[in-house]
Amino acid sequence: MKLLIVEDEPVLLEEVEHYLGQQGFLCESAPTYLLAEDKVSLYAYDVVVLDITLPDGNGLQLLRQLKNLHPETGVVIISAKNSLDDKLSGFGLGADDYLTKPFHMEELNARINALIRRRDFKGSAVLTFEELEVDTEAHEVSVAGEKLQLTKKEYELLLYFIINKNRLLSQRSIAEHLWGDDYDMADNYNFVYMHIKNLRRKLVSTAGTDYITTVYGMGYKWTAAS
Amino acid sequence: MKLLHKTTLLYLLATTLILVAAGVTLMLVLRGLVDDEIDEELRLQYDLIVEQIRGGELPNVPLTTIAQVSQGPTAELFGDSLVYDRVQHLHEEYKYLRKTSTINGQNYQIMVMDAHVGWQEFFRTIFLVFLVMAASLVLAGAIINYLAARSIWRPFFQNLNILKQFSVSAPQPMQLQKSSIREFEELREVLEEMTHKSWQEFSSLREFTENASHETQTPLAIIRSKLDRLSQYPVSEEMAEHIVHAKSGVDRLSRMNKSLLLLAKLDNNAFTDKQELNLCEKLQEQAGQMEELFTLRNITLELSCERVRMRANTYLCEVLISNLLANAVHYTPEGGTVSGALTKDKLVFRNTGQPIGLDSAQLFKRFRKGQQSNHSTGLGLAIVQQICQVHGWRVNYGYQTGWHTFTISF
């Protein structure tokens with residue numbers, strides 16, 4: 001998968017590039033409008049991560065150009081503006097998703113993955129992790145052929161973990177993924193704990209393996225059974 | 001009282017007074033003149049009679065009495081008397097002159113009379129004429145005055161209307177109508193300069209707020225991502241604690257920033273688009289999303305709603321409901337009850353809990369928190385109030401017998 005990351009803030013750009021690179025994406029970066037314009041006209045990308053506010057141009061303009069050249073490219077907008085107008089005009093121009101800064105890397109990764117699944121596997125999108133199989137179309141999880149009964153939130157949680165495997169996920173990152181960032185979740189991290197406890201119990205009883213490690217105070221990590 | 005009415009009324013008053021004075025003066029002068037004329041007439045008649053008596057004959061003139069008296073000559077005496085008029089069958093006023101003179105050695109008392117002008121009728125006629133004159137003068141004057149004043153004052157009133165609608169948060173600065181009257185023109189210039197200045201200051205302030213919030217988001221994103229990255233490394237428990245604290249600080253800051261940005265946008269009237277929406281649906285949707293929060297804290301959530309359709313901003317309605325629900329979850333003790341009821345004219349959220357000792361006005365202020373809680377930004381209810389203001393709704397808070405009540409009246 002080839003990704004282009006358009007972001008003018010070098011530290012953030014490096015961070016995104018680093019994490020998505022780790023996740024197996026082939027990342028290219030463009031810190032300015034002009035550079036991004038060049039790259040878009042020269043190469044085809046699977047997904048473009050696009051910052052709207054660039055010092056030398058408007059990301060929406062770039063989006064328009066991109067969609068003219070490569071209508072099949074997926075676009076995730078990342079913006080400092082939580083503006084409905086920008087969101088609507090972004091979607092109107094063919095963007096697939098919109099993330100507001102500051103966001104968690106895992107969330108961006110999850111969005112990109114969801115976008116790729118939607119685009120590339122029409123009908124059957126199955127993620128596998130060891131003996132686990134996640135059918136993202138039917139929202140079903142099975143362990144070595146045996147079905148795992150999960151609630152909607154547990155399913156979302158599992159998917160988030162698998163997509164961001166080997167990464168420590170903070171409670172907040174999980175909470176925001178499951179419930180959105182509209183509420184203050186700080187005193188409600190108990191939920192995250194509850195859902196993880198339930199998911200763990202189900203996984204252990206069916207698969208016999210606990211993929212989730214608790215890192216005290218910091219969060220949770222999904223790793224292969226060693 | 002309106003300016004036009006005031007000037008017209010003053011004019012009316014002045015005209016009436018002048019006309020009354022003129023009428024009275026005219027009456028007095030006329031009366032004096034006529035009186036003098038009658039007196040002269042009576043004197044003439046008297047002289048003629050005296051002459052005739054002197055010539056040796058005793059004239060028999062109607063309305064004249066001549067008597068020989070013993071007393072000596074007297075001075076002229078004018079008086080009024082009533083004489084029966086056989087034609088009109090009523091008593092008429094007459095004026096008489098009585099004087100005793102010595103003619104040919106004899107004392108004659110002679111009294112001559114003349115019909116008085118009917119003063120009452122005189123008065124009435126003059127009064128009527130004046131009344132009609134006064135009425136038409138006043139009416140015509142008032143109309144002319146009113147119309148003239150209205151056209152003169154028109155730019156003033158138009159500008160007054162523009163001024164009434166002026167808001168510093170308007171997208172354009174105020175433009176007033178020009179006038180050919182110098183005073184109005186001066187007023188316009190002063191007003192335009194003043195409002196332009198405040199408009200400019202306000203828009204630069206809101207631009208600053210928005211920009212500041214936006215600009216803060218990027219560094220916050222950097223801090224957060226770096227802290228996330230840091231926590232990927234194996235760290236000691238002590239280190240982990242520091243990272244967690246730093247993260248929660250960043251999270252709070254970014255939440256606060258988002259809330260401030262929303263408030264700034266509400267101040268700027270950035271949400272002008274309104275859609276037809278079903279508020280009941282929104283309420284159930286938001287409650288559904290937060291269901292787990294309620295269950296986990298063992299809070300009973302009771303919802304009742306009528307189908308209410310209204311024109312409002314969808315996004316803002318979602319924020320409004322979620323803020324009120326989040327507030328309820330936050331402040332309801334475990335095992336408590338939260339209820340939301342939507343009717344045609346109001347939306348009421350109630351929750352059990354201890355009194356917080358803040359009144360309605362304080363509660364909706366920015367950065368005001370019930371308990372000095374670390375987690376809440378203290379902006380949620382300020383946002384609720386602002387959203388209500390944008391839609392022209394009213395929000396009230398009250399506490400009664402263990403229940404906190406938030407009422408939004410549409």
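**Entry 1: ground rules**

I count two residues as in contact if their C-beta atoms, placed from the backbone, lie within 7 Å. This is a predicted model, so I keep in mind that local features need pLDDT of at least 70 and side-chain atom pairs pLDDT 80 or more, while totals for chains, interfaces and linings use all residues. Residues are numbered from 1 along each chain as its sequence is written, and chains are lettered from A and ligands numbered from 1 in the order in which they are written.

**Entry 2: the two chains**

I started with the element tally, taking helices (H or I, at least four residues) and strands (E, at least two) as DSSP runs numbered from the N terminus. Chain A has 8 helices and 14 strands; chain B has 8 helices and 11 strands.

Next came burial: buried means 20 or more other C-beta atoms within 10 Å of a residue's own, exposed means 12 or fewer, and partly exposed is in between. I get 40% buried for the 226 residues of chain A and 20% for the 410 residues of chain B.

I also looked at contacts between residues at least 6 apart in sequence. In chain A, 56% of these join residues at least 24 apart, and in chain B the figure is 64%.

**Entry 3: where A meets B**

How many residues of each chain are in contact with the other chain? I find 30 in chain A and 33 in chain B. On the chain A side, α1 (10-22), α7 (171-179) and α8 (189-207) each supply at least two residues.

**Entry 4: helix α3(B)**

Which residues of α3(B) are buried? I list B:R188, B:T195, B:S213, B:Q217, B:A221, B:R224, B:S225 and B:D228. Their cover draws on both chains: it includes α1 and α5 (105-120) of chain A, plus α2 (119-164) and α4 (237-267) of chain B.

**Entry 5: nonpolar cores**

A core here is a set of buried Ala, Val, Leu, Ile, Met, Phe, Trp, Tyr and Cys residues joined through C-beta atoms within 7 Å. The largest one has 38 residues, and B:L316, B:L320, B:L324, B:V384 and B:I387 have the most contacts inside it. Among the elements of chain B that supply at least two residues each are α4, α5 (279-296), α8 (380-391) and β11 (403-409). The top contributor is α6(B), with 11 residues. I note that this core takes at least three residues from each of domain 2 (183-267) and domain 3 (275-409) of chain B; those bounds come from an automatic or database domain assignment.

I then picked B:L324. Beyond its neighbours within four places in sequence, B:L324 is in contact with B:F349, B:V384 and B:F406.

There is a second, separate core of 33 residues, including A:V6, A:V40, A:I77 and A:I112.

β1(A) runs parallel to β2(A), residues 26-30, over 5 bridges; two strands pair if DSSP finds at least two bridges between them. A:K2 has A:L26 in β2(A) as its bridge partner.

A:F161 sits in α6(A), residues 152-163. Buried or exposed, going by C-beta atoms within 10 Å of A:F161? Buried, because I count 22 others. Leaving out residues up to four places away in sequence, A:F161 touches A:I212 and A:W222. A:F161 and A:K221 are 60 residues apart in sequence, yet their C-alpha atoms are 7.5 Å apart.

Most residues other than glycine have a negative phi, and most peptide bonds are trans. I looked for exceptions.

- The peptide bond from A:K101 to A:P102 is cis, with omega near -5°. A:P102 is in the loop between β7 (97-100) and α5 of chain A.
- B:N104 has a positive phi, near 50°. B:N104 is in the loop between β3 (90-103) and β4 (106-115) of chain B, and is exposed because 9 other C-beta atoms lie within 10 Å.
- B:N298 also has a positive phi, near 60°. B:N298 is in the loop between α5 and β6 (300-305) of chain B, and counts as exposed because it has 11 C-beta neighbours inside 10 Å.
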